[in-house]
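Please view the sequence and the structure first, and then read the points below.

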Amino acid sequence: MRTRLSIALLALSPFATALAQSAGAPRAQTVNGTVVGTTLPSGVKAFRGLPFADAPVRENRWRPPQPVKNWSGVRKADRFADQCMQARVFGDMMFRNSGVSEDCLYLNVWVPPNAQPGANLPVLVYYYGGGFVAGDGSEPRYDGESMAKRGIIVVTTSYRLGIFGFFSHPELTAESPNHASGNYSLMDQAAALQWVQANISRFGGNPKHVVIAGESAGSFAVSAQMASPMARNLIAGAIGESGAFFSTTIATPTRDSTEKVGTAFAQKVGAGNLAALRAISATELLDWSGRPGMPRFGPNVDGYFFPEVPAKIFAEGKQAKVPLLAGWNSEEMTSRAIIQETPNSENVKAFLAKMFPKNTDEAVKVFPASTPEEAQQTATDLASDRFIGFSTWKWLDVHAKTSGKPVYRYLYARPRPPTVEAGVTPNLAGGVTRGGNTPAPPQAKGAVHSAEIEYADDAELLRELHQVVQPERCGPAELARGQSGRERAGAAHPDRRRHARRGGAARAVSVAGPDLLGGAVVAGPPTLTPRGQSRWGQSQTGLPPAAMGSDAFGI
């Protein structure tokens, strides 16, 4: 009788309830409280919607991410949190949450089936793309299950976007203890890394083996976190897919100039002070910021997150001294971005003369257009360089010279399969348009912007489709000389003479590096081609890419 009573009392206790829940769902004890996730059919444990910062609403709007408040009991982590405030800008983005909200600073964790606290597994933190105006960690193409099945803990995180993430104003600077305003989006990303440092060992991860990765704006974010004193000591490696803060694609103006933009915005919406701006609803603010003629907001040199221009930080060797794998795709941008009609010898030369008035003769040699096929390829290459190829190459080049760490470079060249979904038309920079009667553009011959994401984030799929190869190292001296491991080994380049004439560095074709993720494959099928975007050698051509605004393209 006494035994039965003891069992009955135990069954009613919170301890017994916790045991029952843990039998069917995984638990983790974070520094802020207990969370319970879900176990996927593969055995991978998923924790979705974990807060890494307090809600950036009301008085926290346009402030650095604030600490999470502790909770008692068990917090469910079985569904994705709302995406950060954004308009539907890109038709290829599919979200697995219920909508948008200003309360959006949450992350998701995928844990290998047999992982235990303290297992010291490698960790990948992934930043989504979307031009810093759209995107979310719930997108299926960023799902971490596949890599988790291979022994990697995967984290995707949200961050504030657009006006919510980058608004700058004199009153914000005045109230800031750091005398800074703007860059809240980048601070969110750093706060997620701080959360990982404090918590990931409780999920089985190694806080000393955290690799950050991202595509497009996410790749820009990786270069930003490497450059910032807020984050550069929190990472062990970096992976960038198309983009870095080394060009005017996404510029980093001074805080003074962005404050003037913020003041102009406030005047346009009739807000006389910061309190009035914070009183505007999130929906209204998003609507105002997207109207034609309204100012746009992006990163700045605020003196806090970015003490200096990111490129200067790298040049002076003040960035994170970690291995870097980065690259770009063979058709990041269509030729229509620079030449509306069919490229030919005459209009390509005319465009080069306009773009490089002081170096036209040299430009014609670097970008030949003697045949229709060559003109088309050259126009595509040049558009891709100007869009995102050059900045990614320059990131690799400078990091190789100043970090003392291994640098890996890839070129992804597998064309995306034709679109089969009804009512969907391919668009610029790898995006799509849904609905309407827009005529379909010609099928891309190369890999468009973002085409590698599904391959990069689904390591198991990649292994099934393509042979896995070991990385070729391209260290500082070799990269500066424009040599890959394959060339150092004496393998013939498919078009060495022409490639050399164009002043370009042969591309390392590896897809991953053991220094980064313990051998995990993180990019598409290896390809070495004579064409592409890396034609800048040691930047001696004197032909920097012209400014190209990011508004028209999904970075």
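In which kind of crossing, left-handed or right-handed, does helix 12 pass helix 14? Helix 12 passes helix 14 in a left-handed crossing, a term used when the near helix is turned anticlockwise from the far one by less than a right angle, with clockwise counting as right-handed. The model is a predicted one, in which local features need pLDDT of at least 70 and side-chain atom pairs count only at pLDDT 80 or more, while totals for chains, interfaces and linings use all residues. Residues are numbered from 1 along each chain as its sequence is written, and side-chain values use heavy atoms, with hydrogens and water left out.

**The chain as a whole**

- The secondary structure of the protein chain comprises 20 helices and 16 strands; helices (H or I, at least four residues) and strands (E, at least two) are DSSP runs numbered from the N terminus.
- Of the 555 residues in the protein chain, 57% are buried, where buried means under 20% relative accessible area, exposed means over 50%, and partly exposed lies in between (1.4 Å probe, protein chains only).
- Among contacts in the protein chain with a separation of 6 or more, 78% are between residues 24 or more positions apart; contact means heavy atoms within 4.5 Å.

**Helix 12 against helix 14**

- Two packed helices are described by the angle between their axes and the distance between the axes.
- Helix 12 (residues 345–355) and helix 14 (residues 372–402) pack at an angle of about 30°, and their axes are 9 Å apart. Axes are lines fitted to C-alpha atoms, for helices over the stretch in contact, and angles run from 0 to 180 degrees between N-to-C directions.
- Helix 12 and helix 14 are therefore roughly parallel to each other. Angles under 35 degrees count as roughly parallel, over 145 as roughly antiparallel, 65 to 115 as roughly perpendicular and the rest as oblique.
- On the helix 12 side, Ser345, Val348, Phe351, Leu352 and Met355 meet Ala375, Thr378, Leu382 and Arg386 of helix 14.
- The residues of this contact divide into six nonpolar, two polar and one charged. Ala, Val, Leu, Ile, Met, Phe, Trp, Tyr, Cys and Pro count as nonpolar, Asp, Glu, Lys and Arg as charged, and the others, Gly among them, as polar.

**Helix 7 against helix 14**

- The axes of helix 7 (residues 217–227) and helix 14 come within 12 Å and cross at roughly 30°.
- Helix 7 and helix 14 are therefore roughly parallel to each other.
- Ser219, Phe220, Val222, Ser223 and Met226 of helix 7 make the contact with Ile388, Ser391, Trp395 and His399 of helix 14.
- Helix 7 passes helix 14 in a left-handed crossing.
- Helix 7 is mostly covered, with 11 of its 11 residues buried.

**The nonpolar core**

- In soluble globular proteins, nonpolar side chains tend to be buried together.
- The largest nonpolar core has 131 residues, and those with the most contacts inside it are Val109, Phe132, Phe203 and Met226. A nonpolar core is a set of buried Ala, Val, Leu, Ile, Met, Phe, Trp, Tyr and Cys residues joined through side-chain atoms within 4.5 Å.
- Helix 14 supplies the largest share of this core, 12 residues.
- Not counting residues up to four places away in sequence, methionine 226 touches residues including Arg232, Phe314, Leu324, Trp395 and His399.

**Residues in loops**

- Arginine 58 and arginine 61 both lie in the loop between strand 4 and strand 5.
- Arginine 58 is exposed, with a relative accessible area of 61%, whereas arginine 61 is buried at 3%.
- Phi of arginine 58 is near 50°, a positive value in a residue other than glycine.
- Arginine 61 is 218 residues from alanine 279 in sequence and 9.9 Å from it in space, C-alpha to C-alpha.
- Leaving aside neighbours within four places in sequence, arginine 61 is in contact with residues including Glu102, Phe164 and Leu285.
- Histidine 179, in the loop between helix 5 (170–175) and helix 6 (184–199), has a positive phi of about 50° although it is not a glycine.
- At 48% relative accessibility, histidine 179 counts as partly exposed.
- Valine 89 is found in the loop between strand 6 (83–84) and strand 7 (100–101), and at 45% relative accessibility counts as partly exposed.
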